[in-house]
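Let's take a friendly walk through this model together, moving from a single residue out to the chains. Have the viewer open as you read.

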Amino acid sequence: MAENNNSLIKRILTYVLLIALALVILAPFFIGIWTSFLPTMDIAKGDLFSTNLSFDNYVAAFTKTPILRYLANSFVISTLTMVAQLLFCSMSAYAFVFLKFKGRNFLFGLFLVTMMLPFEAQIIPNFQTVKFLGMLDNYSVLIVPFLTSAFGTFMLRQSFKQTPAELKEASDIEGLNHFQFYWNVVLPYNKISMITLGAYSFLGAWNQYLWPMLTTFSNNSRVIQNGLRQLQSEETFNDWGMIQASAAIIVIPTIIVLFIGQHYFKSGLNEGAVK
Amino acid sequence: MSTILKNVSKEFDQGKKVLDNVSAEIQTGEFFVIVGPSGCGKSTLLRIIAGLTQISAGTIKIENRVVNDLSPKDRNLTMVFQSYALFPFLSVWENVAFGLKARKVDSLEIESRVNDALKMVNLEELRDRKPRELSGGQRQRVALARAVASDAKICLMDEPLSNLDAQLRIKMRQEIYALQRKLGLTLIYVTHDQVEAMTMADHIMVLNDSKIQQVGTPEEIYQHPANEFVASFFGVPPINILPAQKISEAILQVNNDFEVTLPHPIEQKNVRVGVRPTEMKIVDTDELHANATIKAVEFLGDEKIIHAKMNHGGEVSVMVDSGAHFSPFQNVEITADAEFLIFDVEGNNITEQGAMVHA
Amino acid sequence: MLKSPTTDQTISKKQTVSKSKSTFKLNANDKYFSLLFLGPSLFILGLFVFYPMIKTFYISMFLTNTLGKTSVFAGFSNYAKLLQSPDFLNSLVVTLAYVVGVTFFTLAISLLLANLASKKLPGISIFRTLYSVTMGVSVSVAAIFWLFIFNPSTGFFAIIANALKMTPINWLTDPKNAMWAVIITTVWMNLGFTFLILLGAIESVPQTLYEAASVEGASPRFQFFKITLPMISPTLFFVSTITIIGAFKSFGLIDLITKGGPTNATNMLVYRIYKDAFYSGNYAQASTEAIILTVIIAAFTLLQFKFLEKKVNY
């Protein structure tokens, strides 16, 4: 009996700890989203338990600020970057796994070296390059430098190498050329790695901060990360209610996507294990 | 009209020889089995015929055409892989249609050929399943259907049954055999399992150590093995091989334990004698006349296998009727009759050599 | 992305493309295709990675004018100057403190969360989802949430302190506290991703090891330190290097929360490079700093490759 009681107490303690930690981690969300429903006046007075809840801040965020434009910019740029990286990384990974050519190891070495070089250290010449090419303050400046990635190539190469040799041989017997084998066999076979890279490159582009800050100046091309900073430092300074509402507008969809995505990834991973 | 291998050799980059001067002719429409222990080069030979591996020397002719430099797709053949090589992201139907689509066959024709092939292997109901939803035997059938749907007349199979359990293997063996006959395929089949080779083949090629040991029908291979390796590779339990000395023109003394009469004179003094377990004689006797002791008795139902230790070293197995009474530690006398094989010290079969000389 | 050791083994047992490469032959066709497949990536990497890297190194060897034009060759004197500058050394120290703080707390808290969430309890999947939620938060949102919390007059902490009749802490104006503010925000952002990776590693530890230990009467504490930790140590190493590299490259949060201040207390490397180049127009100094950053990042990336080499079959 004592044994049982002991384990019950242990169980309860574990749940208490689990819940406490969840509360701490989620606190910034709760505070942010709660205050996004409060009038800024009340927030300024420190009256966080005000009952004047309303959607006014959201209406203001949508009507008084270009937040929708920022979101659209970010969405278009991240999507295009993702598509381009999926295409170009998978192509170069294919070359490294399935094609034999002179200098293959050397070139792969170059790709590995690339992964060691931080983009942050290259901004000065890159800024001059895009300025010279007339790409400043334009979608292209946020997409073109990120059309491919050494990391994506490396990751897909590791995955492509696990493609069973028999699939290549079976395709050879049926006479598939490289492009057909790449498109009809390698890409579908490595679907899960492709999805992973897709998510990774989309999020990477979405979270870019330094580069868009340097290269975009107008609302036409400004992305959401810098847009929020703009809102916070402009005339709306200290309009905390509206700023929190803007943050909530951005974060809620991402979290919903993350929840759905997590479920999908889980079943995706299981599928990978069975195959 | 046949597939001809002439002096085919293969060395890998490291200079390791995997195939050494292999020549054979495979008749159109026959079931041809390449058999040998693992590492003998049999899979490489199949890959060479498929065109997946380049040869180092020799020529390969298919239907009077040298195909050495032809890519796999131009050799007009299909292949069934040990792991089946099914595309996990395609349904059963799409897997079977894969090659036809790649070859841009007319879609109506694809439809009818795939459906026919699935019908032939009894997979019609599973056409929309993915490979992971199938059992091992069903996956095997998809791989077969792929070969059936193709119009290629030569089909290569690389240990297609080795991933199945014993009972399923027997069933699929019969199915493959029936398919081959029905479609009139030239089937080149690689296996390490001598039973598969014996039961299905029109002709068998025995490979060992990168070299051909013998090519022949199952009967020829079993009854007239070219050498000691072939003799011991076929037959369960394997043939008993014992050293022997010629003690007179007509008598061989085997293992110093018993004597046999030579059917005809031989030149060599020291030879080895091979006796199938079914051809050995075993009788109960007292300690004085015994030349062997029983170690173990295996009961198989209608037969028993007696494992015995010869007095002068070496072990033999003997097949007896299941009604015969033998038990471990029993003293017995083991002898052989007229049915035995003689090998020289290099292992070559010289049983009929003398006969031929005399003939 | 990460494969557990067990799956790696099962996969490597199968024959894969790389192991039978001797069956592929060199031909002209491959050459043409390789150009087609690799060309675009090579062009982009050449233009936006290799060229700027070499150019940055080149500039770091010169004195420059405010337009970024190189004037006098200076050799390594830019480096010597920089390493003697108290301002830069302060930046290095601050960056290191930040990196150590972020890495330690990210790993320690994630490990605690992952260990708790790996327990087989009813409803545990809810906690797993909640703990990974910060993965969906971008820099600017994290900065806004925490700026409000840290805000000295209207912020959440200030309100609590006032309610408790205590003096609010000057989170953003006191140098020491500002560093903590940045570290806390970064750790909070890192938690989701690190937690998920560690949870995956813990779950892939064979259950039989724990069963065997339980039979021997080992305590949960013993099991954690003697089974879980050693078994997930490769993954721990991997996430540490990722966290370290990420921390060295931090920019967004700094710009949003402290702008390098107060009095350079959070003026970290990347922020410094940005300021030197795009505010002061001191391109030579910025490039020199960029090269130093590159050396640091490259060293940690190499460490990580060593790990990959062991875990992944090339």
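## A loop residue in chain B

Where is the place of L161(B) in chain B? The structure is a predicted model, and in it L161(B) sits in the loop between β7 (154-158) and α5 (166-183) of chain B.

Is L161(B) buried or exposed? L161(B) has 24 C-beta neighbours inside 10 Å, and because 20 or more are needed to count as buried, this residue is buried. Leaving aside residues up to four places away in sequence, L161(B) touches R169(B), M172(B), R173(B) and E196(B). Between L161(B) and I176(B), which are 15 residues apart along the chain, the C-alpha atoms are separated by 10 Å.

## Chain B as a whole

Stepping back, chain B contains nine helices and 20 strands. Its C-alpha trace spans about 80 × 45 × 40 Å along the principal axes. Chain B has 359 residues, and 38% of them count as buried. If you take the contacts in chain B between residues at least 6 apart in sequence, 63% join residues at least 24 apart.

## A five-stranded sheet

One sheet to look for in chain B is open and made of five strands, in the order β15-β19-β16-β17-β18, with antiparallel pairing. At its edges are β15 (280-284) and β18 (315-321) of chain B, each of which pairs on one side only. Neighbouring strands of this sheet are turned by 40° against each other on average, with direction ignored.

Within chain B, β16 (residues 292-299) and β19 (residues 331-336) run antiparallel and are joined by two bridges.

## Two helices in chain C

Over in chain C, helix α4 (residues 86-117) packs against helix α10 (residues 220-248) at an angle of about 140°, and their axes are 10 Å apart. The crossing of α4(C) with α10(C) is right-handed.

Which residues of the two helices meet? From α4(C) they include T95(C), Y98(C), V99(C) and V102(C), while those from α10(C) include F224(C), T228(C), L236(C) and V239(C). By class, the contact of α4(C) with α10(C) has ten nonpolar, seven polar and no charged residues.

## Where chains A and C touch

Finally, the contact between chains A and C takes 74 residues from chain A and 78 residues from chain C. On the side of chain A that touches chain C, there are 46 nonpolar, 23 polar and five charged residues.

Note on methods:
Residues are numbered from 1 along each chain as its sequence is written. Chains are lettered from A and ligands numbered from 1 in the order in which they are written. This is a predicted model: local features need pLDDT of at least 70, side-chain atom pairs count only at pLDDT 80 or more; totals for chains, interfaces and linings use all residues. Two strands pair if DSSP finds at least two bridges between them. Helices (H or I, at least four residues) and strands (E, at least two) are DSSP runs, numbered from the N terminus. Axes are lines fitted to C-alpha atoms, for helices over the stretch in contact, and angles run from 0 to 180 degrees between N-to-C directions. A residue is buried if 20 or more other C-beta atoms lie within 10 Å of its own, exposed if 12 or fewer, and partly exposed in between; C-beta atoms are placed from the backbone. Two residues are in contact if their C-beta atoms, placed from the backbone, lie within 7 Å. Ala, Val, Leu, Ile, Met, Phe, Trp, Tyr, Cys and Pro count as nonpolar, Asp, Glu, Lys and Arg as charged, and the others, Gly among them, as polar. A crossing is left-handed if the near helix is turned anticlockwise from the far one by less than a right angle, and right-handed if clockwise.
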